[in-house]
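Morning, everyone. Let me put the model up, and then I'll walk through a few sites.

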Amino acid sequence: MTKKIFNVLGYDIGGTKIAVSLGSSDGKIIASERLSNKDKTPDEVLPKLVEIGKKLLADAGLKASDLRAVGIDAPAPMDIPRGLILNPPNNKSWDNVPIRDYLSERLGVEAFLENDANAGALAEWMFGAGQGKKNIIYLTMSTGIGGGIITNEHLLHGASFMAGELGHTVIDINGPSCNCGLKGCYEAFCGGRAVAQRIQHELAGQNDHPLVQLADGKIENIDFVTLFKAVKDGNGYAISIWDELCLRHAQAIGLFINSFNPEMIVLGTIACACGDLLMTPIRQHLPRFCWKQMLQDCEIKPAKLGKDIGDYAGICSALNCLYEKGEFELHV
Ligand SMILES: [Zn+2]
């Protein structure tokens, strides 16, 4: 084990933008830069990733030999053992991209690939709300719902590196269809995209409805933010949807509490923006869905890293692989 502080480059690959970050193993972000990958092919983007990584190192007065590792996180699907990004839904030209080996060869250090929700869980565990805990579950709630499970101080990968797809837990066999092909997934009830689609469908033709007005009069503009505003305005329809969402969140979270007995559930993205308006009803509903003792032992908190999580996600993916190899000690 080494307690010496070292430097890591992180690449957080999103659907439309990439965060490149230089950080140190004690959780400091030294520098970061963003670039757009919207409608861009890997041939256009990959050389830029190397260029920016080298620039961040040079600007910080560091040499290539000062870099210990590279971490990359990206949306599923991916092939973690082979370091490949497979066809992510938001970027179809990124199919079978050997990003791990590409960056490793050009930056001259080991590189590691991780699923983005797992990387978020690692970031909140290592440097965020879950720091110092042994068992946490992280849920990222935005367009979809992603999850990551830390159990007994290790990220749970499962048999084929796909563990933690908590948004695709079926919570109602008669529920709405999900993009993944199943019916009644947690995400199909509570994901931002699903909620927006549901409201747009239910309010079709009602152009004078307060929610449509809040969305500049355009029904297709209604999104999760519109709903949140309408709830704060006290709109009855919005509140009824919100109540149902909170109940479904509690149902899914209760299921995760009974399955994994975590010390903490960290809720990211939407939960950070909505605060108590979301957290309080979820807490009130939870006793219906999990055992009292496990609920008592589990804190439910909003994520701490907020918008900075992209800077940490790639870096923490690398740190976790070094940790699993016994080359990095956490929380020292
Ligand atoms: Zn699903």
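Which residue forms a salt bridge with Arg100? Asp101 does, with the closest N and O atoms 3.1 Å apart. By salt bridge I mean a side-chain nitrogen of Lys or Arg within 4 Å of a carboxyl oxygen of Asp or Glu. Arg100 counts as buried, at 18% relative accessibility. Asp101 is partly exposed, at 34%. The cut-offs: buried is under 20% relative accessible area, exposed is over 50%, and partly exposed is in between, with a 1.4 Å probe and protein chains only.

Two notes on the source. This is a predicted model, where local features need pLDDT of at least 70, side-chain atom pairs count only at pLDDT 80 or more, and totals for chains, interfaces and linings use all residues. Residues are numbered from 1 along each chain as its sequence is written, and side-chain values use heavy atoms, with hydrogens and water left out.

Back to the charges. The whole structure has 17 salt bridges. One of them pairs Asp311 with Arg34, closest N and O atoms 3.1 Å apart. That pair links distant parts of the chain: Asp311 sits in helix α12 (residues 309-324) and Arg34 in strand β3, 277 residues apart. Helices (H or I, at least four residues) and strands (E, at least two) are DSSP runs, numbered from the N terminus. Asp311 is buried, at 8% relative accessibility. Arg34 is partly exposed, at 40%.

Another pair is Asp79 with Arg82, at 3.3 Å between the closest N and O atoms. Asp79 is buried, at 18%, while Arg82 is exposed, at 54%.

Now the metal. Which residues coordinate the zinc ion? His168 (ND1), Cys178 (SG), Cys180 (SG) and Cys185 (SG), at 2.0 to 2.3 Å. Donors here are N, O and S atoms within 2.8 Å of the metal (3.2 Å for Na, K and Ca); water is not among the atoms, so sites may look incomplete. Along the chain, the donor spacing is H-x9-C-x1-C-x4-C. His168 and Cys185 both lie in the loop between β10 and α4, so the pair ties together parts 17 residues apart in sequence. His168 is partly exposed, at 22%. Cys185 is buried, at 0%.

Last stop: Asn37. Asn37 lies in the loop between β3 (29-36) and α1 (42-59). Asn37 is buried, with a relative accessible area of 0%. A polar atom of the Asn37 side chain lies 3.1 Å from the backbone oxygen of Gly14.

Key
Polar contact = N/O pair within 3.5 Å; in protein donor to acceptor, adjacent residues only side chain to side chain.
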